[in-house]
Amino acid sequence: MALVYQRTCGLLDVPFHYCPGCTHGIVHKLVAEVLCELGLLDGAIGVSSVGCTYNNYEYFACDMQQAAHGRAPAVATGIKRVLPDATVFTYQGDGDLAAIGTAEIVHAAARGERITTVFVNNAIYGMTSGQMAPTTLVGQVTTTSPYGRDAATQGFPINVSEMLATLRGAVYVERVSVTSVKGIRAAKKAIRKAFLVQRKGLGFSFVEVLSTCPTNWGLSPVESLKWVDTAMQEQYPLGVFKGADLEVEP
Amino acid sequence: MARVEFREDRCKGCGLCVEVCPKHIVAMRCDVLNAKGFHPAGVEAMDQCIGCAFCAIMCPDEVIQVEK
């Protein structure tokens with residue numbers, strides 16, 4: 001018998017601290033698998049953000065750096081410019097990237113930094129126990145919007161991928177989800193393409209992954225996947241927003 | 001012939017593997033508690049496993065390894 005699925009070499013053998021059913025684990029696996037399969041793991045440097053993934057430097061088997069809240073793209077910019085041959089990526093949640101770090105991500109994309117950002121969007125602040133995020137859906141109940149997000153006073157969710165796709169420096173922008181095996185395969189393909197875009201030096205690459213937060217959504221892990229497929233995808237449609245025709249496969 | 005191996009101590013009992021199994025042979029083992037205090041997942045009828053690895057792909061905690 002041959003192994004048809006084995007644990008990836010891109011992750012250390014350390015248990016994740018994430019809640020049961022949190023899809024961060026799946027996204028971690030995909031990033032690690034892609035780095036291994038492309039042979040980039042040894043030369044990869046990841047930048048951890050603040051949020052539930054604050055300590056993912058404990059998990060990835062490559063060099064990692066912790067950045068201040070929202071500043072991962074700025075730190076990654078510095079690393080990439082000093083070490084241009086390294087494969088540099090940031091792994092950020094929506095509370096980090098779309099809130100306190102909005103300026104950093106927009107300007108990193110506008111400058112066309114040769115880095116890759118994996119943006120995990122679960123429409124809530126997970127780590128701090130479920131407050132409203134900029135990505136929270138209109139009507140969504142959180143601890144700071146107990147009657148549902150009211151657009152009249154709390155505004156509308158930010159579609160980060162669509163926004164970044166308007167910038168010339170961002171050459172590849174795609175939104176994927178990890179709610180099914182098919183979706184996970186598509187997400188892996190997108191992350192692979194994002195890293196290849198960086199290796200070719202084409203510019204900034206960005207993959208947004210719709211993710212779950214069963215604990216703070218108050219849903220079971222399986223119900224959470226369904227909520228992503230319905231409510232979340234209505235606000236955040238999947239697709240390639242830029243760079244669909246880029247040929248990067250070696 | 002396929003074989004699925006679960007690292008029970010790593011399982012958090014989220015049940016995503018149960019949901020994606022096309023043969024419906026993965027189930028939560030309600031009679032077992034692991035060190036974390038969860039009911040871990042396991043395969044009930046290994047002889048029906050087709051080795052598609054859907055459970056392993058879906059597992060967020062790297063619990064599952066599949067041989068075929």
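Two strands pair if DSSP finds at least two bridges between them, and strands are DSSP runs (E, at least two residues) numbered from the N terminus. In this predicted model local features need pLDDT of at least 70, side-chain atom pairs count only at pLDDT 80 or more, and totals for chains, interfaces and linings use all residues. Residues are numbered from 1 along each chain as written, chains are lettered from A and ligands numbered from 1 in written order, and side-chain values use heavy atoms, without hydrogens and water.

Q: Which residue of E4(B) is the bridge partner of Leu3(A)?
A: Strand E1 of chain A, residues 3-5, is joined by 2 bridges to E4(B), and the two run antiparallel. Within E4(B), the bridge partner of Leu3(A) is Glu67(B).

Q: How many residues does chain A bring to the contact with chain B?
A: Contact here means heavy atoms within 4.5 Å. On that basis chain B contributes 29 residues, while chain A contributes 32 residues.

Q: What share of the area that chain B buries against chain A comes from Ile57(B), Met58(B) and Glu62(B)?
A: The area buried between the chains (accessible area, 1.4 Å probe, lost on being put together and summed over both) is about 2600 Å², with carbon and sulfur atoms giving 61%. Of the part that chain B buries, Ile57(B), Met58(B) and Glu62(B) supply more than any other three residues, namely 25%.

Q: Which residue of chain B forms a salt bridge with Asp13(A)?
A: The interface holds 3 salt bridges, each a side-chain nitrogen of Lys or Arg within 4 Å of a carboxyl oxygen of Asp or Glu. With the closest N and O atoms 3.0 Å apart, the partner of Asp13(A) in a salt bridge is Arg10(B).

Note on methods
Buried area = accessible area lost by both parts, 1.4 Å probe. Helix = DSSP H or I, 4+ residues; strand = E, 2+ residues; numbered from the N terminus.
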